[in-house]
Amino acid sequence: MTVDFAILGPLEIRCGGRPLPIRSRPQRALLSRLLLAPGRIVSREGLIDSVWTGEAPPGEPVAALQNHLSRLRAHLGPSRSVLVTHTTGYALDVPQEHVDSVVFERLVGEARRVKDADPHAALRLLDRAGSLWRGPALGEFADGFARPRAVALEHLRVAADEERVELLLATGDVSAALATAESLTAQEPLREWPYALRMRALACRGRVEEALSAYQELRGRLAGELGIEPSAELRELHVRLLRGEAGPARPARQPEPATPPAPESSARVPVALSSLVGRKPEIDEVRSAVSRSRLVTLTGPGGVGKTRLGMEAAALLDRPPSTYWIELASLGDPRSVAAAVLDALDVPDPPADGPLDGLVSVLSGRQALLILDNCEHVVAGVAEVAERVLRHCPGIRILATSRERLAVEGEEIVAVPPLSVARERGDSEAARLLADRMRSAGHRPVEEDDRTRRQIQVLAERVDGLPLALELAAVSAASLGLEAALGAADPLEMTDGRRSGAGRHHDLRCVLTWSHGLLTEEERIVFRRLSVFPGWFSVAWAQEVCADEDLAADRIAHVLASLVGKSLVVHRSRPLVGDRQHALLSTVGQFAAEQLAAAGEEPALREAHARYTLGWMSRAAQSVGTGDGSQFALLSGCSGDLRAARAWAYAHDRAASVALPSVFGRYAFARTDFEILGWAEEEIGRHGPPHPPLSPDLYGAAALAAIGRADLRLAERRAQEAVALASTELEALHAHAVLANCLLFRGHPKEAADLCVRGWTLAREVGDVVTETEYAGLGTITTSYAGDWTRCRTWIERGWDCARRLPSPLVTAYAAYFSGAAKIPHLPEEALAELTHSHDIASRIGAYFLSGVALTSLVTLQTLPGRRTDPVERLTTYARALRHWRDTGNRTHLWITLRHLIPVLSDLEEDESAVRLHHLMAARASAPHSYQENEDAFADAVERSRRRVGRQRTATTWPEAATPADDTAVELALTAVERQRERLRGASRPG
């Protein structure tokens, strides 16, 4: 039984055509929140915020939410299956044609696409769209959580009404146009465009005096309420009325299929109406290209700014005597390109020998630059014209803009990229354009504070730095506010609200639909299937995932090259690790994913991508330690693919989902990727019987995740569970290695040392050199803590022996670290060289755990008594180490580093910070134990600082006393370090 949902007015549900009232406000709120984005998952937190907006949620909000959802399902009766539960939230799985807001947007979009070719059809579409409205969008929730969506829909409704008036004028129904325009000006007395439409309608009826009065009416209102004058466009219409130039319009005729629409050609280069941000390198490149090549084509995806770049470059070119701008966007037939160019040259009568031969005759002997804009849909006709003209008219140069190249001999391509989102010495180019357009759109002056800049940067990155998308985002931010726009922004749904300009450039969906419509069927299939890749991919990956019985793998490379040529796929000249050099922009990928879902191919393609990704990434993860170190860059670069594969496995393949953290455990800990390790704890806590049984490696991965969170009690428990589950020598080998680490952190070095002897012997027997290295390192550390230098040197040599037998970067870096850390109190110069060597190798390959512990040991080395080190350099290294552990998320080593810092701060008489850090450490229930300082000396340092601070300043007087937190400790430490660095620098300056 079909169920229809309506939000263009009060919430309404119809099941099988019959109304289905919902009397519970929380349930209406839930349904309305899900209908803001049908089919998309809304988190539990988001639903809770929507249901209890403006009031405190109940004591058990998740339980209360589930209760309301259960009642809502029961209320939906036979259609309850549309309310779907996901692991991360809930979604309303309903076809888009059964949600009135989506239907409304689709009808408006279709009307915009056909309005130039068939205004009568566009008018019928807008009439259907308007009939869907029953009142203010989203009714009772329009001023709460639904405000961004409600405002966007209302804006689109007003825009559609205005476009309907334009179409009524175009089709000759002036009376209806005038009545509607007058209604709009009454509803929106300060909105200019309804007044312009009303003035045009009055002029068409011959009532010019009333049209002039309408202008004065608006002018008075704008001056009195806003203190501004009408826009230049409206003032120009006023002048035309005064001159009698805006008379009755001829109605548009019903289109004849065989007659393509005429192009809008103009010989003059258009003047830009907004400022240009960035693009200097691209303008210089275009000028240089035009100076050396007679045919230059600017290529790039829709909305990237090719037309604007052509306008700017044309204004700065060392041009021939004549320049002609030919707009081809509305041209319907490739055979009409030559005629369009003749129109721009003011050749009114078609030559007897045909448009193309006539064009060659007209241009022969002339010096001119032809700028052909928007060529992609008539590319064959443009190519034919360009080839003939360039061959027979040596004085002619051509600059073209197109989403694909013309493929003509002698053509030089200038690829136009999106604006950079990289922040270099200030805001990125994309963020600067967004801020500029926000001001132009009426947003309050952008505050020069870091939070606002970060929000602008995030929004710019979300839309890929695509200029058109930035323009649309600016309008959204001006309408909703920056924070609301960030929360509600769907790049494909944003519109610019303008009445002028090409219809397909009013929103990104129109731009991409236009490009998609120009593809062959084979290109459309590959394009939509590529959407399963969340980042860069290789040709081989595309062949493995996208091919099927109907699309051979050997066709993928050819089609992929074509999609690159048509600016729908991004291509890197230098591939990333794994030969990855293709990607979809995120906005393009979102559109392609919609096409994939509409084609019914999404489940099969998601599975193909997941299984292929899990296969090759598992093999790469298992070679970490034995390979050349490139596995770290490859696996981390494909983290988006791994997340997508894991999400599929979590929902569809329990065995693969359970195995994943186990396989990736060593890589994830070495990389400090605690997201992957955290999946192990999720699997352990997952409801339902485990199939297959959970492995000891899974519990080992969960123990490593707990170490990262500094939850050392849980880490030891999980490690003990891994040991208990181990049924083979190899499983026991890995489980005991994790347990030894936990025991060391928990303050039991003797027990850890006993495990090291047994583990190292077994690892050597089975030939697992990487695990042998780990045990040798643990043995080195435990004997070092025990003060047994003789046995420690034996373990050091065992570690270097591993590195000689398996000279991989990771094993070498491990051996150098363990050796250097143990030598700190005995052979400090050797320790410095080995720790530096370890840190350099680990940093190069991306083993962030190892680079971090090497850096922390270098800090320890710098603070040795009697060692001459620059105190500013020492503090700088401490700051680097703290930021490293904070950014990688390893809380255990963060607290170890903070513990090392406390005596240093005490020695510098940074006493309050030292005492506060000690209090925070004591309050952290599972902060790790440390053995490398003399405990008496550490306690003496804290006591000295406490005495100097004064006993009256108790810990409870400090702001962090009530809620001690890791981030609080880091900020406190970094502030203290920076304060002392500045003091020491000042003391060292002369005078």
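Colleague: Which helix holds both Arg221 and Glu217?
Modeller: This is a predicted model. Arg221 and Glu217 are four residues apart, about one turn of the helix. Their side chains form a salt bridge, with the closest N and O atoms 3.1 Å apart. The helix that holds both is H9, residues 208-225.

Colleague: Is Arg221 buried, exposed or partly exposed?
Modeller: Buried means under 20% relative accessible area, and exposed means over 50%. Arg221 falls in between, at 32%.

Colleague: Which helices does the pair Glu834 and Lys823 link?
Modeller: The side chains of Glu834 and Lys823 meet in a salt bridge, 3.0 Å from N to O. The two residues are eleven residues apart, and the pair links distant parts of the chain. Glu834 is buried, and so is Lys823. Lys823 lies in helix H37 (residues 809-823) and Glu834 in helix H38 (residues 828-845).

Colleague: Why does Arg916 count as buried?
Modeller: Arg916 forms a salt bridge with Glu912, at 3.3 Å from N to O. Both lie in helix H42, four residues apart. Glu912 is partly exposed at 28%. Buried means under 20%, so Arg916 qualifies with a relative accessible area of 15%.

Notes
Residues are numbered from 1 along each chain as its sequence is written. This is a predicted model: local features need pLDDT of at least 70, side-chain atom pairs count only at pLDDT 80 or more; totals for chains, interfaces and linings use all residues. Side-chain values use heavy atoms; hydrogens and water are left out. A salt bridge is a side-chain nitrogen of Lys or Arg within 4 Å of a carboxyl oxygen of Asp or Glu. Buried means under 20% relative accessible area, exposed over 50%, partly exposed in between (1.4 Å probe, protein chains only).
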